[in-house]
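Please look at the sequence and the model first.

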Amino acid sequence: MDRLETPRLVLRPFRDEDRDDLYAYARDPRVGPPAGWPPHKSPQESLEIIRTVFAAPRTFAMELRETGRVVGSAGLVDQHHPELPGRDDELGYALSAAYWGRGLATEAAEALLRWSFEDLGLDTVWCVHYEGNQRSRRVMEKCGFRSQFSREADVPLLGERRLEHHWALARGEWLARRGEREEAGR
């Protein structure tokens with residue numbers, strides 16, 4: 001799948017020309033460090049991230065339909081969680097601080113969940129947030145994830161240890177939630 005669409009977003013692969021948009025939000029110390037990565041130091045570093053980290057399959061730029069501007073990233077990081085049975089993957093996301101509080105990360109996460117369960121046939125999708133990252137936690141709660149466990153872990157890109165919280169959403173739970181939302185919308 002090359003693109004997913006929501007009412008306000010187009011989720012599509014990153015392109016080199018997204019460098020300046022990525023740098024605009026990734027240089028902000030409010031964005032990366034809570035998620036475990038340092039702020040970008042230059043547009044060239046952002047371009048390198050596009051060509052390496054964001055070149056991974058199932059990694060998407062969050063492009064605003066209204067402006068065509070990239071305001072975040074979201075995707076599946078191709079990691080199996082050893083505590084979970086069946087087919088699973090980790091969902092990750094980052095959003096420009098200028099767009100916090102508008103439900104965009106939740107909108108992107110919901111589109112990725114639908115794709116994960118309906119098209120990819122995953123049994124479980126999981127997320128991790130570090131202690132204190134309440135914005136990320138709130139997205140997980142809104143999407144129906146349930147807290148599983150917490151543990152201390154290394155944060156290699158920042159050279160520190162933090163408490164990380166693991167959340168999961170099983171396909172059956174997602175289907176039940178979707179049915180409830182459809183019923184409420186009638």
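## Basis of the report

This is a predicted model, in which local features need pLDDT of at least 70, side-chain atom pairs count only at pLDDT 80 or more, and totals for chains, interfaces and linings use all residues. Residues are numbered from 1 along each chain as its sequence is written, and side-chain values use heavy atoms, with hydrogens and water left out.

Helices (H or I, at least four residues) and strands (E, at least two) are DSSP runs, numbered from the N terminus. Relative accessible area sorts residues into buried (under 20%), exposed (over 50%) and partly exposed (in between), with a 1.4 Å probe and protein chains only.

## The sheet

Eight strands form an open sheet with mixed pairing, in the order S1-S2-S3-S4-S5-S6-S8-S7. Two strands pair if DSSP finds at least two bridges between them. At the edges are S1 and strand S7 (146-155), each of which pairs on one side only.

Strand S5 (88-95) pairs with S4 in the antiparallel sense, over five bridges. Across this pairing, Gly72 stands opposite Leu95, and Ala74 stands opposite Tyr93. With S6, the pairing of S5 is parallel and runs over three bridges; there Asp88 stands opposite Thr124. Seven of the eight residues of S5 are buried, so this strand is largely enclosed by the rest of the structure. In a regular strand the side chains alternate between the two faces of the sheet.

## Helices against the sheet

Contact here means heavy atoms within 4.5 Å. Axes are lines fitted to C-alpha atoms, for helices over the stretch in contact, and angles run from 0 to 180 degrees between N-to-C directions. H4 lies across S1, S2, S3, S4, S5, S6 and S8, and runs at about 50 degrees to S2. H5 also packs on the sheet, where H5 touches S5, S6 and S8. The direction of H5 makes about 155 degrees with that of S6.

In H1, the residues Asp21, Leu22, Tyr23, Tyr25 and Ala26 are buried. The buried residues of this helix pack against H3, S4 and S5.

## Nonpolar cores

A nonpolar core is a set of buried Ala, Val, Leu, Ile, Met, Phe, Trp, Tyr and Cys residues joined through side-chain atoms within 4.5 Å. The largest one has 32 residues, and those with the most contacts inside it are Leu11, Met62, Leu91, Tyr93, Leu112, Leu113 and Phe145. At least two residues of this core come from each of S2, S3, S4, S5, helix H4 (104-119), strand S6 (124-130), helix H5 (134-142) and strand S8 (160-170). H4 gives the most, with nine residues.

A second, separate core has 13 residues. Among them are Leu22, Phe54, Ala61 and Ala97.

## Salt bridges

A salt bridge is a side-chain nitrogen of Lys or Arg within 4 Å of a carboxyl oxygen of Asp or Glu. By this rule the count comes to 20 salt bridges. One of the bridges joins Arg65 and Glu5, at 2.5 Å from N to O. This pair links distant parts of the chain, 60 residues apart: Arg65 is in the loop between strand S3 (59-64) and strand S4 (70-76), and Glu5 is in strand S1 (residues 4-5). Arg65 is partly exposed at 40% relative accessible area, and Glu5 is partly exposed at 42%.

Arg51 and Asp16 form another bridge, with their closest N and O atoms 2.8 Å apart. Here too distant parts of the chain are linked, 35 residues apart: Arg51 lies in helix H3 (residues 43-51), and Asp16 in the loop between strand S2 (9-12) and helix H1 (19-26). Arg51 is partly exposed, at 47% relative accessibility, and so is Asp16, at 36%. Asp28 and Arg30 meet in a salt bridge of 2.7 Å, N to O; Asp28 is buried, with a relative accessible area of 15%. Arg12, Arg15, Glu17, Asp18 and Glu63 are linked in a network of salt bridges.

## Cysteines

How many disulfides does the structure hold? There are zero disulfides, a disulfide being a pair of cysteine sulfur atoms within 2.5 Å. The sulfur of Cys127 is 7.5 Å from the closest cysteine sulfur, that of Cys143, which is too far for a bond. Cys127 is buried at 1% relative accessibility, and Cys143 is buried at 0%.
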